Amino acid sequence: MPDNFAQTVKQQADILKIVGEYVRLKKAGAQNYTGLCPFHSEKTPSFSVNVSRQFYYCFGCHETGDVFSFIQKIENVSFPEAVKAVAVKCGIPLPKREFSSPEEAAEGRLRTKLIELHEITTAWFEQQLRSPEGALAREYLTGRGLSDEGIAKFRIGYAPESFHALRERLQSVADTETLRASGLFSFKPQEDGSPGPLYSRFRKRITFPIANESGRIIAFTARALESGEKAGPKYLNSPETSLYTKGNILFNLDKARQPIREANFAVLVEGQMDCISAYLAGITNVLATSGTAFTEAQVRLLSRYTKRVIVNFDPDTAGANAAEKSIALLTEEDFEVKVVALEGGLDPDRYIRERGAKEYMAALRGARRIQDYLIDRARQLFPPRTPESKIKALNFLLPHIRRMPNRIARDEFASDAAQKLGIDSALVREELKEAASKRRDSISAQASPLTRAEQILLQAFSSPQKSEIFRVAEAALRQHESDFAKMRADVHAMLNQLGARSEGSDPIQSLTEPAHRTLLARVFVSVHGADPDVSHVEEAIATIRRTSLEQQQRQLRAELQTAERNGSTDEVLMLTRQIHDLAKRLRDLD
Ligand SMILES: [Zn+2]
(Lines give C-alpha, C1' and ligand atoms only; values in the text may rest on other atoms or scores of the structure.)
Protein backbone atom coordinates (compact mmCIF):
# COMPACT_ATOMS: atom_id res chain seq x y z
CA MET A 1 0.00 0.00 0.00
CA PRO A 2 1.51 3.35 -0.92
CA ASP A 3 2.90 5.17 2.09
CA ASN A 4 1.13 8.39 1.28
CA PHE A 5 -2.17 6.54 1.38
CA ALA A 6 -1.40 5.42 4.93
CA GLN A 7 -0.59 9.02 5.78
CA THR A 8 -3.85 10.26 4.29
CA VAL A 9 -5.79 7.69 6.26
CA LYS A 10 -3.94 8.59 9.46
CA GLN A 11 -4.70 12.26 9.00
CA GLN A 12 -8.37 11.60 8.49
CA ALA A 13 -8.81 8.88 11.08
CA ASP A 14 -10.03 9.79 14.50
CA ILE A 15 -8.05 7.61 16.90
CA LEU A 16 -10.61 8.24 19.61
CA LYS A 17 -13.42 6.83 17.53
CA ILE A 18 -11.43 3.82 16.34
CA VAL A 19 -9.98 2.87 19.74
CA GLY A 20 -13.38 3.62 21.24
CA GLU A 21 -14.83 0.69 19.30
CA TYR A 22 -12.71 -1.62 21.46
CA VAL A 23 -12.16 0.25 24.70
CA ARG A 24 -14.63 2.21 26.78
CA LEU A 25 -12.92 5.59 27.03
CA LYS A 26 -13.52 8.36 29.49
CA LYS A 27 -12.39 11.94 29.12
CA ALA A 28 -9.48 12.77 31.37
CA GLY A 29 -8.13 16.18 30.55
CA ALA A 30 -8.28 18.43 27.52
CA GLN A 31 -6.62 16.08 25.05
CA ASN A 32 -6.68 12.79 26.92
CA TYR A 33 -8.98 9.88 27.37
CA THR A 34 -8.45 6.83 29.54
CA GLY A 35 -9.84 3.34 29.75
CA LEU A 36 -9.00 -0.23 30.65
CA CYS A 37 -6.08 -1.45 28.61
CA PRO A 38 -7.06 -4.02 25.96
CA PHE A 39 -3.55 -5.46 25.90
CA HIS A 40 -3.18 -6.42 29.52
CA SER A 41 -5.53 -7.20 32.36
CA GLU A 42 -6.29 -4.49 34.83
CA LYS A 43 -8.97 -3.11 37.07
CA THR A 44 -8.06 0.55 37.07
CA PRO A 45 -7.51 2.32 33.76
CA SER A 46 -3.92 2.95 32.76
CA PHE A 47 -4.56 3.07 29.04
CA SER A 48 -4.48 6.57 27.67
CA VAL A 49 -5.38 8.02 24.27
CA ASN A 50 -4.05 11.41 23.31
CA VAL A 51 -6.12 13.20 20.71
CA SER A 52 -3.77 15.97 19.66
CA ARG A 53 -0.85 13.61 19.07
CA GLN A 54 -3.10 10.75 17.90
CA PHE A 55 -1.34 8.07 19.92
CA TYR A 56 -2.17 5.66 22.69
CA TYR A 57 -0.03 4.59 25.58
CA CYS A 58 -0.50 2.14 28.42
CA PHE A 59 1.19 3.07 31.68
CA GLY A 60 0.80 -0.55 32.78
CA CYS A 61 2.18 -2.66 29.93
CA HIS A 62 3.79 0.16 27.91
CA GLU A 63 2.04 -0.69 24.66
CA THR A 64 2.09 2.37 22.50
CA GLY A 65 1.59 3.49 18.96
CA ASP A 66 -0.79 5.07 16.52
CA VAL A 67 -4.14 4.08 15.13
CA PHE A 68 -2.57 1.51 12.79
CA SER A 69 -0.48 -0.29 15.37
CA PHE A 70 -3.56 -0.39 17.58
CA ILE A 71 -5.57 -2.20 14.89
CA GLN A 72 -2.57 -4.42 14.06
CA LYS A 73 -2.29 -5.58 17.66
CA ILE A 74 -5.93 -5.85 18.53
CA GLU A 75 -7.06 -7.53 15.31
CA ASN A 76 -3.80 -9.43 14.85
CA VAL A 77 -3.33 -8.23 11.29
CA SER A 78 -0.46 -6.89 9.20
CA PHE A 79 0.22 -3.19 8.67
CA PRO A 80 -1.42 -3.03 5.21
CA GLU A 81 -4.46 -4.83 6.55
CA ALA A 82 -4.65 -2.34 9.43
CA VAL A 83 -4.43 0.63 7.06
CA LYS A 84 -7.16 -0.92 4.97
CA ALA A 85 -9.35 -1.59 8.03
CA VAL A 86 -8.97 1.98 9.29
CA ALA A 87 -9.69 3.35 5.81
CA VAL A 88 -12.87 1.28 5.62
CA LYS A 89 -13.92 2.42 9.12
CA CYS A 90 -13.41 6.05 8.05
CA GLY A 91 -15.09 5.63 4.67
CA ILE A 92 -11.92 6.44 2.72
CA PRO A 93 -11.87 4.77 -0.70
CA LEU A 94 -9.03 2.27 -1.14
CA PRO A 95 -6.39 2.73 -3.80
CA LYS A 96 -6.10 0.10 -6.54
CA ARG A 97 -2.75 -1.18 -5.34
CA GLU A 98 -3.25 -2.38 -1.83
CA PHE A 99 -0.08 -4.03 -0.63
CA SER A 100 3.41 -2.67 -0.41
CA SER A 101 5.54 -5.78 -0.75
CA PRO A 102 5.04 -8.84 -2.93
CA GLU A 103 5.22 -11.09 0.16
CA GLU A 104 2.48 -9.18 1.91
CA ALA A 105 0.40 -9.20 -1.23
CA ALA A 106 0.84 -12.97 -1.53
CA GLU A 107 0.01 -13.53 2.15
CA GLY A 108 -3.07 -11.32 1.85
CA ARG A 109 -4.21 -13.18 -1.26
CA LEU A 110 -3.65 -16.52 0.44
CA ARG A 111 -5.71 -15.55 3.47
CA THR A 112 -8.54 -14.26 1.31
CA LYS A 113 -8.47 -17.47 -0.67
CA LEU A 114 -8.42 -19.65 2.46
CA ILE A 115 -11.44 -17.82 3.85
CA GLU A 116 -13.22 -18.43 0.56
CA LEU A 117 -12.29 -22.14 0.70
CA HIS A 118 -13.59 -22.45 4.25
CA GLU A 119 -16.83 -20.75 3.31
CA ILE A 120 -17.39 -23.07 0.35
CA THR A 121 -16.42 -26.10 2.42
CA THR A 122 -18.83 -25.14 5.20
CA ALA A 123 -21.69 -24.84 2.72
CA TRP A 124 -20.67 -28.15 1.16
CA PHE A 125 -20.57 -29.92 4.56
CA GLU A 126 -24.02 -28.47 5.34
CA GLN A 127 -25.29 -29.85 2.06
CA GLN A 128 -23.78 -33.28 2.80
CA LEU A 129 -25.59 -33.35 6.14
CA ARG A 130 -28.88 -32.94 4.29
CA SER A 131 -28.00 -35.65 1.76
CA PRO A 132 -28.92 -39.35 2.21
CA GLU A 133 -25.38 -40.09 3.37
CA GLY A 134 -25.86 -37.62 6.22
CA ALA A 135 -28.81 -39.55 7.70
CA LEU A 136 -26.79 -41.10 10.50
CA ALA A 137 -25.26 -37.77 11.41
CA ARG A 138 -28.67 -36.11 11.44
CA GLU A 139 -29.92 -38.86 13.70
CA TYR A 140 -27.04 -38.28 16.08
CA LEU A 141 -27.66 -34.51 16.18
CA THR A 142 -31.39 -34.94 16.77
CA GLY A 143 -30.49 -37.32 19.57
CA ARG A 144 -28.41 -34.56 21.09
CA GLY A 145 -31.46 -32.32 21.06
CA LEU A 146 -30.42 -30.14 18.13
CA SER A 147 -33.17 -28.65 16.01
CA ASP A 148 -32.82 -27.73 12.33
CA GLU A 149 -32.58 -24.08 13.36
CA GLY A 150 -29.80 -24.86 15.79
CA ILE A 151 -27.92 -26.83 13.15
CA ALA A 152 -28.31 -23.96 10.69
CA LYS A 153 -27.33 -21.34 13.27
CA PHE A 154 -24.00 -23.03 13.98
CA ARG A 155 -23.64 -24.25 10.39
CA ILE A 156 -23.07 -27.80 11.53
CA GLY A 157 -22.34 -30.14 8.66
CA TYR A 158 -21.18 -33.58 7.69
CA ALA A 159 -17.92 -34.67 6.11
CA PRO A 160 -18.67 -37.81 4.07
CA GLU A 161 -16.52 -40.90 4.11
CA SER A 162 -14.93 -40.06 0.75
CA PHE A 163 -11.21 -39.29 0.46
CA HIS A 164 -11.52 -37.14 -2.65
CA ALA A 165 -15.04 -35.63 -2.85
CA LEU A 166 -14.06 -32.37 -1.14
CA ARG A 167 -10.97 -31.98 -3.31
CA GLU A 168 -13.13 -32.42 -6.38
CA ARG A 169 -15.46 -29.73 -5.09
CA LEU A 170 -12.59 -27.31 -4.49
CA GLN A 171 -10.17 -27.97 -7.33
CA SER A 172 -11.77 -25.42 -9.62
CA VAL A 173 -11.52 -22.82 -6.82
CA ALA A 174 -7.85 -23.04 -5.86
CA ASP A 175 -4.60 -24.68 -6.94
CA THR A 176 -3.09 -27.66 -5.15
CA GLU A 177 -0.63 -25.61 -3.09
CA THR A 178 -3.41 -23.40 -1.74
CA LEU A 179 -5.53 -26.45 -0.94
CA ARG A 180 -2.52 -27.92 0.86
CA ALA A 181 -2.20 -24.74 2.93
CA SER A 182 -5.89 -24.76 3.88
CA GLY A 183 -5.65 -27.47 6.53
CA LEU A 184 -8.69 -29.15 5.01
CA PHE A 185 -6.59 -31.97 3.56
CA SER A 186 -4.03 -34.47 4.70
CA PHE A 187 -1.12 -35.81 2.69
CA LYS A 188 1.65 -38.31 3.25
CA PRO A 189 5.19 -37.30 2.31
CA GLN A 190 6.45 -39.60 -0.46
CA GLU A 191 9.76 -41.42 -0.67
CA ASP A 192 10.96 -39.09 -3.40
CA GLY A 193 10.49 -36.15 -1.02
CA SER A 194 7.34 -34.81 -2.65
CA PRO A 195 4.50 -33.92 -0.27
CA GLY A 196 2.12 -36.52 -1.68
CA PRO A 197 -1.42 -36.29 -2.98
CA LEU A 198 -4.19 -34.58 -1.02
CA TYR A 199 -7.04 -36.42 0.62
CA SER A 200 -9.82 -35.23 2.92
CA ARG A 201 -8.72 -34.68 6.51
CA PHE A 202 -12.26 -34.98 7.85
CA ARG A 203 -14.12 -38.15 6.89
CA LYS A 204 -17.32 -39.58 8.29
CA ARG A 205 -17.48 -36.83 10.85
CA ILE A 206 -19.88 -34.16 12.04
CA THR A 207 -18.28 -30.82 11.34
CA PHE A 208 -18.44 -27.76 13.56
CA PRO A 209 -17.04 -24.62 11.98
CA ILE A 210 -14.70 -22.48 14.08
CA ALA A 211 -15.08 -18.78 13.35
CA ASN A 212 -12.83 -15.87 14.19
CA GLU A 213 -14.02 -12.90 16.21
CA SER A 214 -15.73 -11.36 13.21
CA GLY A 215 -17.57 -14.52 12.28
CA ARG A 216 -15.48 -15.74 9.34
CA ILE A 217 -14.95 -19.47 9.34
CA ILE A 218 -11.26 -20.30 9.60
CA ALA A 219 -11.12 -23.92 10.81
CA PHE A 220 -13.18 -26.94 11.79
CA THR A 221 -13.51 -29.29 14.65
CA ALA A 222 -15.06 -32.58 13.64
CA ARG A 223 -16.59 -35.34 15.74
CA ALA A 224 -16.26 -38.95 14.70
CA LEU A 225 -19.61 -40.56 13.97
CA GLU A 226 -18.34 -43.96 14.97
CA SER A 227 -16.22 -44.98 17.87
CA GLY A 228 -13.36 -47.42 17.82
CA GLU A 229 -9.82 -47.51 16.60
CA LYS A 230 -10.69 -47.28 12.94
CA ALA A 231 -12.66 -44.07 13.44
CA GLY A 232 -9.65 -42.23 14.89
CA PRO A 233 -9.87 -39.65 17.67
CA LYS A 234 -13.30 -38.56 18.85
CA TYR A 235 -12.57 -34.96 17.91
CA LEU A 236 -10.30 -33.93 15.09
CA ASN A 237 -9.32 -30.31 14.55
CA SER A 238 -7.90 -28.31 11.69
CA PRO A 239 -4.13 -27.85 11.97
CA GLU A 240 -2.76 -24.36 12.43
CA THR A 241 -2.75 -22.42 9.17
CA SER A 242 -2.07 -18.84 8.23
CA LEU A 243 -5.73 -18.23 9.14
CA TYR A 244 -5.96 -20.24 12.30
CA THR A 245 -3.90 -20.18 15.47
CA LYS A 246 -5.56 -22.38 18.04
CA GLY A 247 -4.43 -20.43 21.08
CA ASN A 248 -5.84 -17.17 19.72
CA ILE A 249 -9.40 -18.32 19.19
CA LEU A 250 -12.32 -18.66 21.56
CA PHE A 251 -15.10 -20.85 20.20
CA ASN A 252 -18.35 -18.89 19.75
CA LEU A 253 -16.81 -15.48 20.51
CA ASP A 254 -18.27 -14.14 17.26
CA LYS A 255 -21.81 -14.85 18.43
CA ALA A 256 -21.25 -14.29 22.14
CA ARG A 257 -19.24 -11.09 22.17
CA GLN A 258 -22.17 -8.69 22.16
CA PRO A 259 -24.14 -10.67 24.78
CA ILE A 260 -20.97 -10.87 26.92
CA ARG A 261 -20.54 -7.12 26.74
CA GLU A 262 -24.14 -6.57 27.69
CA ALA A 263 -24.21 -9.05 30.56
CA ASN A 264 -20.65 -8.15 31.59
CA PHE A 265 -19.82 -11.77 32.21
CA ALA A 266 -19.07 -14.87 30.20
CA VAL A 267 -19.98 -18.48 30.84
CA LEU A 268 -17.10 -20.81 30.08
CA VAL A 269 -17.81 -24.41 29.22
CA GLU A 270 -15.48 -27.08 28.01
CA GLY A 271 -16.91 -28.63 24.89
CA GLN A 272 -18.28 -27.16 21.71
CA MET A 273 -21.49 -29.17 22.13
CA ASP A 274 -21.95 -27.75 25.65
CA CYS A 275 -21.46 -24.32 24.22
CA ILE A 276 -23.92 -24.82 21.39
CA SER A 277 -26.58 -26.29 23.71
CA ALA A 278 -26.23 -23.45 26.20
CA TYR A 279 -26.36 -20.85 23.45
CA LEU A 280 -29.46 -22.36 21.88
CA ALA A 281 -31.08 -22.57 25.32
CA GLY A 282 -30.77 -18.80 25.57
CA ILE A 283 -27.47 -18.47 27.44
CA THR A 284 -25.93 -16.49 24.60
CA ASN A 285 -22.88 -15.21 26.51
CA VAL A 286 -21.24 -18.63 26.43
CA LEU A 287 -17.80 -19.65 25.14
CA ALA A 288 -16.04 -22.98 24.87
CA THR A 289 -12.46 -23.55 25.92
CA SER A 290 -12.40 -26.67 23.71
CA GLY A 291 -10.85 -28.84 26.37
CA THR A 292 -7.39 -27.33 26.36
CA ALA A 293 -5.93 -24.89 28.82
CA PHE A 294 -6.46 -21.21 28.19
CA THR A 295 -3.59 -19.37 26.64
CA GLU A 296 -2.62 -15.87 27.67
CA ALA A 297 -3.78 -14.64 24.27
CA GLN A 298 -7.23 -16.08 24.89
CA VAL A 299 -7.44 -14.54 28.35
CA ARG A 300 -6.45 -11.20 26.89
CA LEU A 301 -8.98 -11.58 24.11
CA LEU A 302 -11.70 -12.31 26.64
CA SER A 303 -10.67 -9.43 28.89
CA ARG A 304 -11.57 -7.04 26.09
CA TYR A 305 -15.18 -7.99 26.65
CA THR A 306 -15.40 -8.78 30.33
CA LYS A 307 -13.35 -9.62 33.40
CA ARG A 308 -16.03 -11.74 35.02
CA VAL A 309 -16.52 -15.39 34.22
CA ILE A 310 -18.60 -18.27 35.43
CA VAL A 311 -16.66 -21.43 34.85
CA ASN A 312 -18.77 -24.48 34.25
CA PHE A 313 -16.29 -27.27 34.58
CA ASP A 314 -15.02 -29.01 37.60
CA PRO A 315 -11.44 -27.92 38.19
CA ASP A 316 -10.63 -31.09 40.13
CA THR A 317 -12.02 -34.00 38.16
CA ALA A 318 -9.59 -36.42 36.63
CA GLY A 319 -8.15 -35.15 33.38
CA ALA A 320 -9.35 -31.65 34.07
CA ASN A 321 -5.83 -30.39 34.36
CA ALA A 322 -6.59 -28.03 31.52
CA ALA A 323 -9.56 -26.62 33.40
CA GLU A 324 -7.47 -26.05 36.48
CA LYS A 325 -4.79 -24.28 34.46
CA SER A 326 -7.39 -22.09 32.81
CA ILE A 327 -8.85 -21.10 36.17
CA ALA A 328 -5.36 -20.39 37.52
CA LEU A 329 -4.56 -18.14 34.58
CA LEU A 330 -7.85 -16.28 34.89
CA THR A 331 -7.24 -15.75 38.61
CA GLU A 332 -3.74 -14.52 37.97
CA GLU A 333 -5.06 -12.06 35.44
CA ASP A 334 -7.41 -10.71 38.07
CA PHE A 335 -10.63 -12.06 36.63
CA GLU A 336 -13.55 -12.43 38.96
CA VAL A 337 -14.03 -16.19 38.73
CA LYS A 338 -17.10 -18.06 39.85
CA VAL A 339 -17.55 -21.79 39.64
CA VAL A 340 -20.67 -23.76 39.00
CA ALA A 341 -20.67 -27.50 39.58
CA LEU A 342 -23.77 -29.13 38.18
CA GLU A 343 -25.67 -31.63 40.27
CA GLY A 344 -24.88 -35.23 39.53
CA GLY A 345 -21.66 -34.22 37.80
CA LEU A 346 -23.52 -33.65 34.53
CA ASP A 347 -21.97 -31.66 31.72
CA PRO A 348 -23.94 -28.58 30.58
CA ASP A 349 -25.20 -30.24 27.39
CA ARG A 350 -26.78 -33.17 29.25
CA TYR A 351 -27.96 -31.00 32.11
CA ILE A 352 -29.86 -28.74 29.73
CA ARG A 353 -31.35 -31.71 27.86
CA GLU A 354 -32.43 -33.46 31.04
CA ARG A 355 -33.54 -30.55 33.17
CA GLY A 356 -34.14 -27.67 30.80
CA ALA A 357 -32.73 -24.22 30.26
CA LYS A 358 -34.45 -22.70 33.29
CA GLU A 359 -32.75 -25.04 35.70
CA TYR A 360 -29.43 -24.44 34.05
CA MET A 361 -29.82 -20.69 34.43
CA ALA A 362 -30.70 -21.21 38.07
CA ALA A 363 -27.54 -23.26 38.50
CA LEU A 364 -25.51 -20.44 36.93
CA ARG A 365 -27.06 -17.95 39.30
CA GLY A 366 -25.95 -20.17 42.15
CA ALA A 367 -22.33 -20.09 41.01
CA ARG A 368 -19.92 -19.58 43.86
CA ARG A 369 -16.79 -17.53 44.16
CA ILE A 370 -13.70 -19.56 43.34
CA GLN A 371 -12.36 -18.93 46.87
CA ASP A 372 -15.42 -20.44 48.56
CA TYR A 373 -15.46 -23.27 46.09
CA LEU A 374 -11.84 -24.14 46.78
CA ILE A 375 -12.17 -23.99 50.54
CA ASP A 376 -15.05 -26.43 50.31
CA ARG A 377 -12.98 -28.66 48.05
CA ALA A 378 -10.17 -28.60 50.58
CA ARG A 379 -12.56 -29.59 53.36
CA GLN A 380 -13.95 -32.44 51.27
CA LEU A 381 -10.55 -33.76 50.31
CA PHE A 382 -9.02 -33.37 53.76
CA PRO A 383 -11.73 -33.26 56.42
CA PRO A 384 -10.15 -30.97 59.01
CA ARG A 385 -10.47 -33.25 61.99
CA THR A 386 -6.80 -33.72 62.80
CA PRO A 387 -3.95 -31.21 62.75
CA GLU A 388 -2.31 -33.24 59.93
CA SER A 389 -5.29 -33.05 57.62
CA LYS A 390 -5.68 -29.36 58.38
CA ILE A 391 -2.14 -28.84 57.17
CA LYS A 392 -2.90 -30.87 54.05
CA ALA A 393 -6.00 -28.79 53.35
CA LEU A 394 -3.94 -25.69 53.84
CA ASN A 395 -1.27 -26.87 51.45
CA PHE A 396 -3.96 -27.55 48.90
CA LEU A 397 -5.11 -23.96 49.16
CA LEU A 398 -1.81 -22.11 49.42
CA PRO A 399 -0.93 -22.09 45.71
CA HIS A 400 -4.40 -20.76 44.91
CA ILE A 401 -4.05 -18.03 47.51
CA ARG A 402 -0.62 -16.99 46.25
CA ARG A 403 -1.96 -16.73 42.74
CA MET A 404 -4.35 -13.90 43.44
CA PRO A 405 -2.80 -10.66 42.26
CA ASN A 406 -4.81 -8.53 44.62
CA ARG A 407 -3.47 -8.18 48.16
CA ILE A 408 -6.77 -7.55 49.87
CA ALA A 409 -8.40 -10.50 48.12
CA ARG A 410 -5.48 -12.70 49.23
CA ASP A 411 -5.75 -11.64 52.86
CA GLU A 412 -9.46 -12.25 52.82
CA PHE A 413 -9.03 -15.65 51.20
CA ALA A 414 -6.38 -16.62 53.78
CA SER A 415 -8.40 -15.62 56.81
CA ASP A 416 -11.53 -17.26 55.38
CA ALA A 417 -9.58 -20.46 54.88
CA ALA A 418 -8.13 -20.37 58.40
CA GLN A 419 -11.55 -19.83 59.90
CA LYS A 420 -13.36 -22.51 57.88
CA LEU A 421 -10.63 -25.06 58.43
CA GLY A 422 -10.78 -24.32 62.16
CA ILE A 423 -7.14 -23.37 62.34
CA ASP A 424 -6.48 -21.54 65.54
CA SER A 425 -2.78 -22.10 65.86
CA ALA A 426 -1.09 -18.74 65.69
CA LEU A 427 1.83 -20.33 63.87
CA VAL A 428 -0.25 -21.63 60.99
CA ARG A 429 -2.11 -18.37 60.73
CA GLU A 430 1.22 -16.65 60.47
CA GLU A 431 2.22 -19.00 57.67
CA LEU A 432 -0.97 -18.22 55.82
CA LYS A 433 -0.42 -14.55 56.23
CA GLU A 434 3.07 -14.86 54.88
CA ALA A 435 1.89 -16.77 51.86
CA ALA A 436 -0.69 -14.11 51.29
CA SER A 437 1.81 -11.30 51.50
CA LYS A 438 4.50 -12.97 49.43
CA ARG A 439 2.91 -11.84 46.27
CA ARG A 440 2.97 -8.10 46.33
CA ASP A 441 0.62 -5.93 44.44
CA SER A 442 2.51 -4.41 41.62
CA ILE A 443 2.85 -0.78 42.38
CA SER A 444 4.23 1.01 39.39
CA ALA A 445 7.41 2.83 40.29
CA GLN A 446 6.75 6.52 40.06
CA ALA A 447 9.70 8.31 38.55
CA SER A 448 10.54 11.62 40.14
CA PRO A 449 8.78 14.46 38.35
CA LEU A 450 10.46 16.27 35.51
CA THR A 451 11.37 19.91 35.67
CA ARG A 452 9.65 22.33 33.29
CA ALA A 453 12.88 22.67 31.30
CA GLU A 454 13.23 18.91 30.94
CA GLN A 455 9.63 18.66 29.75
CA ILE A 456 10.15 21.38 27.15
CA LEU A 457 13.29 19.72 25.80
CA LEU A 458 11.52 16.38 25.53
CA GLN A 459 8.69 18.08 23.67
CA ALA A 460 11.11 19.79 21.32
CA PHE A 461 12.92 16.54 20.61
CA SER A 462 9.60 14.80 19.99
CA SER A 463 8.46 17.27 17.37
CA PRO A 464 9.16 16.62 13.67
CA GLN A 465 12.83 16.85 12.70
CA LYS A 466 12.08 19.63 10.26
CA SER A 467 10.54 21.87 12.90
CA GLU A 468 12.55 24.78 14.20
CA ILE A 469 12.31 23.81 17.86
CA PHE A 470 13.75 20.40 17.07
CA ARG A 471 16.67 21.89 15.17
CA VAL A 472 17.41 24.45 17.90
CA ALA A 473 17.30 21.83 20.65
CA GLU A 474 19.29 19.29 18.69
CA ALA A 475 22.02 21.81 17.80
CA ALA A 476 22.31 22.82 21.46
CA LEU A 477 22.65 19.23 22.56
CA ARG A 478 25.53 18.68 20.13
CA GLN A 479 27.23 21.96 20.87
CA HIS A 480 27.07 21.70 24.66
CA GLU A 481 27.36 17.95 25.00
CA SER A 482 29.44 18.19 28.20
CA ASP A 483 26.80 20.34 29.92
CA PHE A 484 23.96 18.09 28.88
CA ALA A 485 25.88 15.04 30.03
CA LYS A 486 25.43 16.30 33.60
CA MET A 487 21.65 16.42 33.40
CA ARG A 488 19.28 13.70 34.61
CA ALA A 489 20.67 10.53 33.09
CA ASP A 490 17.37 9.06 31.88
CA VAL A 491 16.28 12.29 30.23
CA HIS A 492 19.70 12.65 28.62
CA ALA A 493 19.43 9.13 27.20
CA MET A 494 15.94 9.90 25.94
CA LEU A 495 17.06 13.09 24.19
CA ASN A 496 19.80 11.16 22.41
CA GLN A 497 17.42 8.46 21.20
CA LEU A 498 14.77 10.96 20.17
CA GLY A 499 17.39 13.00 18.32
CA ALA A 500 18.61 9.96 16.42
CA ARG A 501 15.20 8.63 15.40
CA SER A 502 14.34 8.44 11.74
CA GLU A 503 12.37 11.20 10.10
CA GLY A 504 8.65 10.95 10.76
CA SER A 505 8.85 8.05 13.19
CA ASP A 506 6.84 7.91 16.37
CA PRO A 507 8.73 9.49 19.30
CA ILE A 508 7.46 7.12 21.99
CA GLN A 509 8.23 4.06 19.89
CA SER A 510 11.76 5.29 19.25
CA LEU A 511 12.56 4.85 22.95
CA THR A 512 13.75 1.41 23.92
CA GLU A 513 13.26 1.54 27.71
CA PRO A 514 9.67 1.07 28.92
CA ALA A 515 10.36 3.50 31.78
CA HIS A 516 11.45 6.11 29.26
CA ARG A 517 8.33 5.55 27.20
CA THR A 518 6.25 6.08 30.31
CA LEU A 519 8.08 9.27 31.12
CA LEU A 520 7.58 10.71 27.63
CA ALA A 521 3.94 9.67 27.51
CA ARG A 522 3.47 11.44 30.86
CA VAL A 523 4.83 14.60 29.28
CA PHE A 524 2.38 14.35 26.40
CA VAL A 525 -0.47 13.54 28.73
CA SER A 526 0.26 16.23 31.29
CA VAL A 527 1.35 19.12 29.09
CA HIS A 528 -1.58 20.70 27.32
CA GLY A 529 -1.77 23.05 24.42
CA ALA A 530 0.62 23.72 21.59
CA ASP A 531 4.30 22.79 21.39
CA PRO A 532 6.69 25.23 23.04
CA ASP A 533 8.08 27.96 20.77
CA VAL A 534 11.75 28.64 20.05
CA SER A 535 12.15 31.12 22.90
CA HIS A 536 10.82 28.56 25.40
CA VAL A 537 13.25 26.00 24.05
CA GLU A 538 16.19 28.39 24.25
CA GLU A 539 15.22 29.23 27.79
CA ALA A 540 15.02 25.55 28.70
CA ILE A 541 18.45 24.91 27.19
CA ALA A 542 19.87 27.77 29.22
CA THR A 543 18.27 26.42 32.40
CA ILE A 544 19.67 22.95 31.87
CA ARG A 545 23.13 24.32 31.14
CA ARG A 546 23.00 26.70 34.08
CA THR A 547 22.08 23.88 36.45
CA SER A 548 24.94 21.85 35.07
CA LEU A 549 27.47 24.68 35.33
CA GLU A 550 26.38 25.52 38.86
CA GLN A 551 26.78 21.92 39.84
CA GLN A 552 30.31 21.87 38.40
CA GLN A 553 31.04 25.11 40.23
CA ARG A 554 29.99 23.63 43.57
CA GLN A 555 32.16 20.61 42.92
CA LEU A 556 35.21 22.72 42.01
CA ARG A 557 34.72 24.86 45.11
CA ALA A 558 34.76 21.78 47.29
CA GLU A 559 37.93 20.60 45.55
CA LEU A 560 39.45 24.06 46.01
CA GLN A 561 38.84 23.92 49.77
CA THR A 562 40.57 20.57 49.98
CA ALA A 563 43.51 21.84 47.91
CA GLU A 564 43.85 24.91 50.12
CA ARG A 565 43.82 22.77 53.24
CA ASN A 566 46.51 20.52 51.76
CA GLY A 567 48.56 23.55 50.69
CA SER A 568 48.95 22.35 47.08
CA THR A 569 49.47 25.71 45.38
CA ASP A 570 49.48 24.50 41.79
CA GLU A 571 46.18 22.83 42.22
CA VAL A 572 44.68 25.87 43.97
CA LEU A 573 45.71 28.02 41.01
CA MET A 574 44.31 25.63 38.44
CA LEU A 575 40.99 25.23 40.27
CA THR A 576 40.64 28.99 40.78
CA ARG A 577 41.08 29.50 37.06
CA GLN A 578 38.48 26.86 36.28
CA ILE A 579 36.01 28.45 38.69
CA HIS A 580 36.54 31.81 37.00
CA ASP A 581 35.94 30.23 33.62
CA LEU A 582 32.71 28.68 34.82
CA ALA A 583 31.55 31.98 36.30
CA LYS A 584 32.13 33.64 32.95
CA ARG A 585 30.23 30.95 31.10
CA LEU A 586 27.37 31.33 33.57
CA ARG A 587 27.31 35.11 33.01
CA ASP A 588 27.26 34.54 29.24
CA LEU A 589 24.15 32.43 29.65
CA ASP A 590 22.13 35.30 31.18
ZN1 LIG B 1 -1.63 -2.22 29.04
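Me: Are both Phe-39 and Tyr-56 buried or exposed?
Reply: The model is predicted, with pLDDT of at least 70 needed for local features and 80 or more for side-chain atom pairs, while totals for chains, interfaces and linings use all residues. Residues are numbered from 1 along each chain as its sequence is written, and side-chain values use heavy atoms, with hydrogens and water left out. By relative accessible area (buried under 20%, exposed over 50%, partly exposed in between; 1.4 Å probe, protein chains only), both Phe-39 and Tyr-56 are buried.

Me: How many aromatic pairs does a search of the whole structure find?
Reply: Rings of Phe, Tyr and Trp (its six-membered ring) pair if their centres lie within 6.5 Å. Across the whole structure, the number of aromatic pairs is 17.

Me: How far apart in sequence are the parts that Phe-39 and Tyr-56 tie together?
Reply: The two rings are 6.2 Å apart centre to centre, with 35° between the planes. This makes the pair tilted, the class between stacked (under 30 degrees) and edge-to-face (over 60). Phe-39 lies in the loop between β2 (32–35) and β3 (47–50) and Tyr-56 in strand β4 (residues 55–58), so the parts tied together are separated in sequence by 17 residues.

Me: Which helix holds Phe-70, the partner of Phe-47?
Reply: The ring centres of Phe-47 and Phe-70 lie 6.2 Å apart with planes at 50°, so this pair is tilted. Both residues are buried. Helices (H or I, at least four residues) and strands (E, at least two) are DSSP runs, numbered from the N terminus. Phe-47 belongs to strand β3, and 23 residues away Phe-70 belongs to helix α3 (residues 67–75).

Me: Which residues do ring pairs link into a cluster?
Reply: Phe-39 pairs with Tyr-56, and Phe-47 pairs with Phe-70. The cluster linked by ring pairs consists of Tyr-22, Phe-39, Phe-47, Tyr-56 and Phe-70.

Me: Over the ring of which residue does the charged end of Lys-255 sit?
Reply: A charge counts as over a ring when NZ of Lys or CZ of Arg is within 6 Å of the ring centre and within 35 degrees of the ring normal. Arg-180 lies over the face of Phe-187, 4.7 Å from the ring centre. The charged end of Lys-255, at 4.5 Å from the ring centre, sits over Phe-154.

Me: What is the bridge partner of Thr-221 in β11?
Reply: Strand β10 (residues 217–224) has eight of its eight residues buried. Strands pair if DSSP finds at least two bridges between them; β10 is antiparallel to β9 (residues 205–211) over seven bridges, with Pro-209 opposite Phe-220. Three bridges also join β10 to the antiparallel strand β11 (residues 235–237). There, Thr-221 has as its bridge partner Asn-237.
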